[in-house]
Structures are given as structure tokens and as C-alpha cells.
Amino acid sequence: MSKGVVIVTGGSRGIGRACVLLAAERGYDVVFSWVSGEDAAKSLVAEVEAAGGKAIAVRSDIAAEADILSLFAVADAVGPLVGLVNNAGVVDKTARVEDMSVARLERMFRINVIGSMVAAREAVKRMSTRHGGKGGSIVNIASVASVLGSPALFVDYAASKAAIDTFTLGLGREVADEGIRVNAVRPGIIATDIHASAGEPDRVANIRSQIPMKREGSPDEVARAVLWLLSDEASYTTGSIVTVSGGR
Ligand code: NAP
């Protein structure tokens, strides 16, 4: 029997994909979004179904409010929402702050911050006991960048993730007595395509020796922390950030 519906934003690749696979394996019906990777999204749905799970892929740009509303409408048709994983996020090419355009900053904050906040808003409307819901769990994907600052790399990204840290704390306290827990997972260096999108395809290899565990993390290692926070095993944990960074 299904444990209910979980939405994962940006589920087609990387950490989001690992969350979709593990959530489906643990008995949730998963609705996930993608924006450019249609083939990857389709093959992920097929992989989940082959394992006996349920996943639905929806093209939904987290930067567009109408797309977020459509994503939640699809989930509403599947069943009661019990969880949201705010995973969709981007970095831009490495740059110093004096070279950052307003267009770059607006895109970064629209996707990484406003998109996550609007998705959380929709989840609260459905899950809060204040609105007749039965409670649930929101997990935001933060980053160690928020405490390191990422100088000369992507301070804009680091600042957007700092906003996610504070949003997690504030919303967690705001809805704590309405049946909703809000937490974040703060990954360190994880092996995904995101480093190449920053123009740094060798970043993982270059930084490995600086990580106390001397290795990068896998998307699955992040997903396991996410699934713990989604579950009742984390029933007294809210407004918290779980760091998954090999000690970095
Ligand atoms: P990734 O491999 O680049 O995958 C990004 C995912 O987000 C893809 O599924 C992509 O979909 C989706 N996406 C991108 N823009 C989107 C948009 N506007 N609307 C909806 N979906 C969108 O990234 P990742 O490394 O897995 O990162 C996932 C999260 O972890 C991000 O929030 C990132 O900041 C955070 N994080 C990653 C690391 C790391 O080292 N990898 C460390 C700390 C934090 P398409 O394929 O369809 O474009």
C-alpha cells in the first residue's frame, strides 16, 4: 500500500533522481519534475515501474509559478501529498561578484530560492492541519556553500543556499504545530553533472584531497538522509539541517 505522494523537484538527474528511486523503493508514489531532460525523465519512470514502484514525470520549470501549480495539480490527482523534496537548483559559470549581471542573479534566486518557497507554499496549503491536511514533511536541498561562501566561484549560489537555510528554520517553526516538519539536507561535493554546468567538469577530482573523507559523496548518500527526514523516524526533527559532506 502506498505511503502517499511525494513531490521531488528536479528529479530527472543527480540527487533528485536518487531521491525519486529511493522514495519509490520505500513505498511512496513519486511525482517529479524535469525541465530539459525528457529522455532521462522517461527512463527514470520506466526504471521505477520495472521495480514495481510508481513515478510520474512532469515538465515543470521551478522558475515559473504556473508550472509549479501544474506539478501540484498532477500530484493532487494521484493522492494525498505527504512530502516535498525541494531539490531543483542550479549553479552558474564560476565568476567573481564584480562580473555578475542582474540577469544572472535573478535567474539564480528565482530557481534556487523563490521556486523552493513557492513549492513549499503549495505543500503547506495541502499538508497543514490548519488547512484541513494531515501533516507531512518538507526537505530542502541546501549546500555547504552557504557556510563556505564559495569565493571566486559562485558567491551568488552560496547566498541563495543561505536563504534556503534560513527559510528552513523559519518555515519549520512557523508550521511546527500544524503537523508539518521542515528540514534541509546540506550536501558537500556530490558526484553529479552540476559541476560541469559551472564550467568545472574536473571539480570533484580537484577537490577530493581537501575533503576529510578523501572522497566525494554519491547522490544515494544524500537521498538516504532525505528519506530519513521524510519518514516518521525523524518525527521530532524540524527546522534542522543535516550535513552530508564527508566532514567538509
Ligand atoms: P544536477 O545533476 O545538475 O541536476 C539538476 C536537476 O534539477 C535536474 O534534474 C534538472 O532537470 C533539474 N532542474 C534544473 N533547473 C530546473 C528548473 N528550472 N526547474 C526544474 N528542474 C530543474 O544537480 P544536482 O547536483 O543533483 O543538484 C541537486 C540539488 O543539490 C541542487 O539544489 C544543488 O544546488 C544541490 N547541491 C548539489 C551539490 C553537488 O555537489 N552535486 C552540492 C550541494 C548542493 P533537467 O535535467 O530536466 O534539466
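Predicted model: local features only at pLDDT ≥ 70, side-chain atom pairs only at ≥ 80, totals over all residues.
Local features need pLDDT of at least 70 and side-chain atom pairs count only at pLDDT 80 or more, while totals for chains, interfaces and linings use all residues. Residues are numbered from 1 along each chain as its sequence is written, and side-chain values use heavy atoms, with hydrogens and water left out.

The ligand is surrounded by 31 residues, counted when one of their heavy atoms lies within 4 Å of it. Arg13, Ser36, Asn87, Tyr157 and Thr192 are the closest. Sorted by class, this shell holds 14 nonpolar, 13 polar and four charged residues; here Asp, Glu, Lys and Arg count as charged, and Gly goes with the polar set.

On its own the ligand has 910 Å² of accessible area, and the protein covers 95% of that (Shrake-Rupley method, 1.4 Å probe). Helices α1 (14–25), α6 (155–174) and α7 (194–197) each give two or more residues to the shell; helices are DSSP runs of H or I with at least four residues, and strands are E runs of at least two.

As for annotation, an unreviewed UniProt entry puts "domain: Ketoreductase" at residues 4–188, though such annotations may be inferred rather than shown by experiment. That stretch is 48% helix and 19% strand, with its end C-alpha atoms 30 Å apart.
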